[in-house]
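Thanks, everyone. Please bring the structure up on your screens, and we will walk through it together.

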Amino acid sequence: MSQLSPNAVAESDLAKGAVCIRAADASDVESLLIYFTGLSTTTRNKRFMGARTDVAMVAAECVARASHPDHFTLLAELRQEGQGTIIGETLYVYDAVARQGEFAISVADLFQRRGLGLQMMMEMEMRASDLGHGMIAAETARVNAEMRGLAKKAGFVDTGLGDWQSVHFAKSLSRQSSSR
Ligand SMILES: CC(C)(COP(=O)(O)OP(=O)(O)OC[C@H]1O[C@@H](n2cnc3c(N)ncnc32)[C@H](O)[C@@H]1OP(=O)(O)O)[C@@H](O)C(=O)NCCC(=O)NCCS
């Protein structure tokens, strides 16, 4: 898929509803690679909790999840002039042993702090609930104020299982099925 530069995107596009959140499939590998490559070093390092150079492998792993019934990747896609540009992603993986879902999330630098992260979290929770999952948990660096703020706003609570470097938070899901 050809891509517009996120920098070329008008600020009003989010307000115009040109952004959709959808599940990734195998055809999204290249777009996801472009997305990860375009993130600032800071955002990419926060997303992966450290430096990663194998983003092509990560992109492939994300879409491979689509074939697993208990895992998924959500993409926030900006649709503009017939073209789609990925501006956010959420990877969700279910741990059957721990009986909880785990996730990682990122939003393109230019689109941060506009509510997109929260929208993706809510969509993730609905899908996880539809799959019958009762709990979602995640871990982030203690210094990651954005993720800690987002988790708190989404209703996650600090479990106290983190250490001096990381915070572990979790949320119990009510079994409300989405209307999709
Ligand atoms: C964390 C992240 C996904 C948040 O996405 P976002 O779209 O910017 O978040 P939202 O706009 O939906 O913000 C929702 C809430 O999160 C909190 N938040 C978001 N950015 C914040 C910041 N920079 N500082 C403090 N709190 C912040 C706020 O409570 C915010 O609500 P408010 O705007 O009403 O105050 C984004 O900052 C990001 O991609 N960070 C880098 C990757 C990362 O850290 N991922 C987490 C590890 S997997």
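This is a predicted model: local features need pLDDT of at least 70, side-chain atom pairs count only at pLDDT 80 or more; totals for chains, interfaces and linings use all residues.

Start with the sheet. In general, strands of a sheet pair through backbone hydrogen bonds, either parallel or antiparallel.

Now look at one pair. E2 and E3 run antiparallel to each other, joined over nine bridges. At Gln80, the bridge partner in E3 is Gln83. In the loop between these two strands sits Glu81. Glu81 is not a glycine, yet its phi is positive, about 50°. Is Glu81 buried or exposed? Count the other C-beta atoms within 10 Å: there are 7. The cut-off for exposed is 12 or fewer, so Glu81 is exposed.

Arg99 has 10 C-beta neighbours inside 10 Å, so Arg99 counts as exposed.

Next, helix H4, residues 116-130.

Several H4 residues are buried, among them Leu116, Gly117, Met120 and Met121. Glu123 and Glu125 are on that list as well. What covers the buried residues of H4? The cover includes strands E1, E2, E3, E4 and E5, and also helix H5. After H4 comes Gly132, with a positive phi near 90°.

Last stop, the ligand. How many residues surround the ligand? The answer is 22. The closest are Lys46, Gln112, Gly117, Leu118 and Gly149. Gly117 you have met already, as a buried residue of H4.

Four elements each supply at least two residues of this shell: helix H2 (41-47), strand E4 (100-107), helix H4 and helix H5 (145-153). Which one gives the largest share? That is H5, with six residues. By type, the shell divides into eight nonpolar, eight polar and six charged residues.

That is the tour. Questions, please.

Notes. Residues are numbered from 1 along each chain as its sequence is written. A residue is near a molecule or strand if its C-beta atom, placed from the backbone, lies within 6 Å of it. Ala, Val, Leu, Ile, Met, Phe, Trp, Tyr, Cys and Pro count as nonpolar, Asp, Glu, Lys and Arg as charged, and the others, Gly among them, as polar. A residue is buried if 20 or more other C-beta atoms lie within 10 Å of its own, exposed if 12 or fewer, and partly exposed in between; C-beta atoms are placed from the backbone. Two residues are in contact if their C-beta atoms, placed from the backbone, lie within 7 Å. Two strands pair if DSSP finds at least two bridges between them.
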